[in-house]
Amino acid sequence: MEDPKRVQHGFDPPEDVPQHTEDKAWDEDKISKVASSDESPHNSIGEGNVDAVTDTEKQKIAEGAAHFRRLGWKRLTVVLVVEAIALGVLTLPTSFAILGMVAGTICCVGVGVVAIYASYLVGETKIALPNIHHYGDVGTLMLGKFGRELFGIMFVLQLILVTASYCLTGTIAFDVLTNNATCSMVFGIISAVLLMLLAIMPSFTDAAILGYIDFVSIMAAIIIAIIATGVEAANSPGGLAGVNWSAWPRPGTTVADGFIAVSNIVFAYSFSMYQFSFMDEMHTPQDYMKSIWTLGGMEIVIYTLVGALIYAFVGVDVQSPALLSMSSLMAKIAFGVALPVIYISGALNNTVTARYVHLRMYENSVVRFINTPKGWITWLLVLLAITVSAWVISEVIPFFNDLLALSSALFVSGFVLYIPAVMWFMFLRKREGNNRKRLLHDLSAAFLFCVGVIVLGGGTYASIVDIKRQFDTGAVRGVFTCAPMA
């Protein structure tokens with residue numbers, strides 16, 4: 001006799017794939033109901049069951065569920081590296097120039113450790129509540145339907161802002177590579193098209209294949225940037241000793257400048273905001289910390305070295321993205337090498353956004369699995385709408401540093417800092433007894449929350465002030481113009 005739950009939800013996973021295991025229900029009303037629910041782990045909180053009407057639909061649901069449950073921790077690491085070690089690293093030398101070598105290093109390492117801890121809280125929440133698929137579900141548990149919509153809107157806006165920053169970087173890259181051979185809006189459109197085409201495949205397991213190319217690309221660009229700036233500094237008058245860098249904040253640094261610098265460092269460590277989506281495809285979610293430790297350690301080392309070395313080789317005049325600080329020839333080489341990371345990482349971000357929106361649109365339908373004609377048509381339309389929105393933002397806010405700082409302050413501060421802290425107090429704290437471990441988590445989560453709120457308020461204010469200043473002084477080009485960005 002066919003299992004009725006399996007028929008209802010259409011989930012028949014491959015035999016060789018380990019299954020989800022749920023923790024024991026907690027002694028809390030709302031959390032207990034969710035953790036001990038009979039709902040399939042493929043259904044979001046607040047989401048209905050898939051309505052399987054025909055045998056064909058049942059088959060499509062089973063195929064779709066199995067297709068989106070193939071990610072292991074090694075491929076998760078690759079996907080996280082693709083999403084994490086990309087644009088953010090190119091802003092770090094500028095942050096070091098503002099904060100100085102000492103404060104820059106402390107912030108870079110410190111934020112990295114904080115990001116690993118926040119990611120641990122996100123992962124533990126996902127393990128404890130496997131019905132959470134994205135931050136919209138977290139909002140549902142925290143604030144009901146209002147929270148579901150609020151967190152969902154924040155999540156989508158942040159992801160669109162990130163895609164916009166990739167579109168902007170692609171435009172800058174083409175400007176540099178062609179010596180501004182054509183209207184920069186044309187390059188922006190080309191970048192948007194590439195970001196959409198590379199995002200068409202909806203599975204993160206499939207996207208991981210491109211991740212190896214992405215990682216080689218960003219590491220090659222980083223190595224070229226460090227060597228090129230180092231050689232140029234050594235050959236300049238006065239050599240390395242003549243480079244104008246300092247251990248302390250540069251003269252005239254304002255509080256707003258400091259917040260922008262810190263916000264860009266926070267952006268570079270924003271990998272935990274994608275974690276629910278990525279873990280949702282894991283066949284063994286309990287392995288997630290293997291990926292987080294690997295990625296977190298890599299980021300702390302790479303980010304600190306890149307920020308410190310390029311700042312030491314270029315000095316206070318280092319530009320953002322950092323590849324613009326090299327000679328014309330070396331900048332072209334570096335941007336050429338970096339093209340894969342710009343578009344692969346940007347496309348993966350586009351996929352995360354479209355997956356969330358498409359799931360919300362068709363959460364009770366087989367269409368959500370994107371393996372039917374209607375599923376593919378609606379998937380492409382959603383992807384197109386998101387990509388166009390990102391391109392428009394990249395034209396309206398055509399400056400790299402402030403765009404990343406604004407998105408970091410408004411949204412990343414929540415997804416990476418204060419929301420995971422609230423997760424601890426609401427969902428995880430009761431699992432620990434009255435012991436030292438719980439006290440340590442209480443203090444750490446409280447610190448995490450405070451840092452997030454400070455970045456939210458100060459970083460948003462600083463970004464808006466700096467954006468207005470740049471428009472008022474004419475430091476940047478106008479919106480929707482052909483003027484070059486680089």
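This is a predicted model: local features need pLDDT of at least 70, side-chain atom pairs count only at pLDDT 80 or more; totals for chains, interfaces and linings use all residues.
Colleague: What makes the pair Cys183 and Cys482 a disulfide?

Modeller: The two sulfur atoms of Cys183 and Cys482 are 2.1 Å apart, and since a disulfide is a pair of cysteine sulfur atoms within 2.5 Å, the pair qualifies; a search of the whole structure finds one disulfide.

Colleague: Which parts does the pair Cys183 and Cys482 tie together?

Modeller: Cys183 sits in the loop between helix H7 (135-178) and helix H8 (184-197), whereas Cys482 belongs to the segment after helix H16 (436-473), so the parts that are tied together are 299 residues apart in sequence.

Colleague: Why is Cys183 called buried, and what is Cys482 called?

Modeller: Buried means under 20% relative accessible area, and Cys183, at 17% relative accessibility, therefore counts as buried; Cys482 has 45%, which lies between that cut-off and the 50% above which a residue is exposed, so Cys482 counts as partly exposed.

Colleague: How do you know that Cys108 is too far from the closest cysteine sulfur for a bond?

Modeller: The closest cysteine sulfur to that of Cys108 is in Cys107, at 8.5 Å, which is too far for a bond when the sulfur atoms have to be within 2.5 Å. Cys108 is also buried, with a relative accessible area of 0%, and Cys167, at 1% relative accessibility, counts as buried.

Colleague: What describes the crossing of H5 and H12, and what is its handedness?

Modeller: The axes of helix H5 (residues 92-99) and helix H12 (residues 288-314) come within 8 Å and cross at roughly 65°, and the crossing is right-handed. Among the residues making the contact are Leu92 and Phe96 of H5, together with Val306 and Ile310 of H12; by class, the contact has nine nonpolar, two polar and no charged residues.

Colleague: How does the reach of H12 compare with what is expected at 1.5 Å a residue?

Modeller: H12 has 27 residues and reaches 38 Å from its first C-alpha to its last, close to the expected 39 Å; the helix is followed by Gly315, whose phi is positive, near 95°.

Colleague: Why is Met101 called buried, and which residues is Met101 in contact with?

Modeller: Met101, which lies in helix H6 (residues 101-128), has 15% relative accessibility, under the 20% cut-off, and therefore counts as buried. Leaving aside neighbours within four places in sequence, Met101 is in contact with residues including Phe96, Trp245, Trp248 and Tyr311; the C-alpha atoms of Met101 and Tyr311 are separated by 8.1 Å, although the two residues are 210 residues apart along the chain.

Note on methods: Residues are numbered from 1 along each chain as its sequence is written. Side-chain values use heavy atoms; hydrogens and water are left out. Helices (H or I, at least four residues) and strands (E, at least two) are DSSP runs, numbered from the N terminus. Buried means under 20% relative accessible area, exposed over 50%, partly exposed in between (1.4 Å probe, protein chains only). Axes are lines fitted to C-alpha atoms, for helices over the stretch in contact, and angles run from 0 to 180 degrees between N-to-C directions. A crossing is left-handed if the near helix is turned anticlockwise from the far one by less than a right angle, and right-handed if clockwise. Contact means heavy atoms within 4.5 Å. Ala, Val, Leu, Ile, Met, Phe, Trp, Tyr, Cys and Pro count as nonpolar, Asp, Glu, Lys and Arg as charged, and the others, Gly among them, as polar. The expected span of a helix is 1.5 Å times one less than its number of residues.
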